[in-house]
Amino acid sequence: MPERFPASLQQKIEDRLRYYEDLGIRLFYTDRGPGGTALVAQQAIASAASPAPVIEETVLPKPMPNPSPAKIAPVPARPPLAVPAAGPSLFETTEKVNDDTLLKIREDLGECTRCKLHKGRNKIVFGDGNPKAELVFVGEGPGADEDAQGLPFVGRAGKLLTQMIEAMGLQRSDVYICNVVKCRPPENRAPEPDEVAACSPFLIRQIDSIHPKVIVCLGATAAKTILNTTRGISQFRGEWLEWRGHKLMATYHPAYLLRNPPAKADVWKDLQKVMAELGLQLPKKSKS
Ligand code: SF4
């Protein structure tokens, strides 16, 4: 039987299907037809409470067009959730620098030795993506793969983050991705307060310079650090928060999703709220 797809494309298809299945979509190809060309995809959403992209009569879920001019109906405004802070936040008090650029911020960071994390790092992981992004993802800190490559979210969790971004109809190059600290903490531990204090001015300057519409905090540590709260992420995950004049939402870290795939449905719900806020085309609702 002749090969229908190149191996690389087939791998991409398999990865994409596996990702959507993890989101709760089950695909069953029921009618290949005598010529093997007529494929009908039936989808069953795992839970009515977990809306996920609807896939109809197509072999693959197609990424939505980008940029997407199709505006969705405005989402009724909800007042931002107030997350009680544990004290004055480093992030809120940092002054805005006028005419800042990512290049200048990187130059100012230099071969930084401002905190003890510099001792164990291979490469500073400054951040990556579109300097004019409307959407910024902020993680906690680099892991081993990121430390080796000097780029954020490039390991297994990074691959999942890329799939999440593509499911939104965007590419990685459309968004900006960075971390609370720019050097890898030993044994992937959470950054300590003095390390966050030393590194946070650079994150603030990055975000102020990009001026995104939406910030998504990935994981409890990033969210609790930025928001300066001791509350568990489950208490404010998926809620719109106000932070330095930006809309901010916290959701689970992709590394957590690798350990706990059912939580992908929650993250997908959060990302759909982000898509609505950015005016991106939402997946069709199920016709049940
Ligand atoms: S974590 Fe930040 S402040 Fe600490 S050494 Fe690295 S770049 Fe400098």
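Biologist: Which residues touch the most other members of the largest nonpolar core?

Modeller: A nonpolar core is a set of buried Ala, Val, Leu, Ile, Met, Phe, Trp, Tyr and Cys residues joined through side-chain atoms within 4.5 Å, and buried means under 20% relative accessible area, exposed over 50%, partly exposed in between (1.4 Å probe, protein chains only). The largest such core has 63 residues, and those that touch the most other members are Leu135, Phe137, Val138, Met168 and Val274.

Biologist: Which helix gives this core its largest share?

Modeller: Helices (H or I, at least four residues) and strands (E, at least two) are DSSP runs, numbered from the N terminus. The largest share of the core is 8 residues, and it comes from H6.

Biologist: Before we go on, what kind of model is this?

Modeller: Residues are numbered from 1 along each chain as its sequence is written, and side-chain values use heavy atoms, with hydrogens and water left out. Local features need pLDDT of at least 70, side-chain atom pairs count only at pLDDT 80 or more, and totals for chains, interfaces and linings use all residues, since the model is predicted.

Biologist: How much of the chain is buried, and how many helices and strands are there?

Modeller: Of the 288 residues in the chain, 46% are buried. As for the elements, the chain has 9 helices and 8 strands.

Biologist: Back to valine 274: which residues does it touch?

Modeller: Contact here means heavy atoms within 4.5 Å, and residues up to four places away in sequence are not counted. Valine 274 is one of the buried residues of H9. Its contacts are Leu135, Met168, Val214, Val216, Trp240 and Met249.

Biologist: Now helix H3: where do its buried residues lie around the helix?

Modeller: H3 runs over residues 102–109, and its buried residues are Leu102, Ile105 and Leu109. Looking down the axis, they fall within an arc of 60° (taken from the directions from the helix axis to the C-beta atoms), so they line one face of the helix.

Biologist: Which residues are exposed on the other side of H3, and what do the buried ones pack against?

Modeller: On the other side, the exposed residues are Leu103 and Glu107. The buried residues of H3 pack against strand E5 (176–179) and helix H6 (193–210).

Biologist: Is arginine 205 buried or exposed, and which residues is it in contact with?

Modeller: Arginine 205 sits in helix H6. Its relative accessibility is 13%, so it counts as buried. Leaving aside neighbours within four places in sequence, its contacts are Val97, Asp100, Lys104, Ile105 and Asp108.

Biologist: Are the faces of E5 covered or exposed, and which residue of E5 is the bridge partner of glycine 139?

Modeller: Both faces are covered, with Tyr176 and Cys178 buried on one side and Ile177 and Asn179 buried on the other. Two strands pair if DSSP finds at least two bridges between them; E3 (residues 128–129) pairs with E5 in the antiparallel sense over 2 bridges, while E4 (residues 135–139) pairs with E5 in the parallel sense over 4 bridges. In E5, the partner of glycine 139 is asparagine 179.
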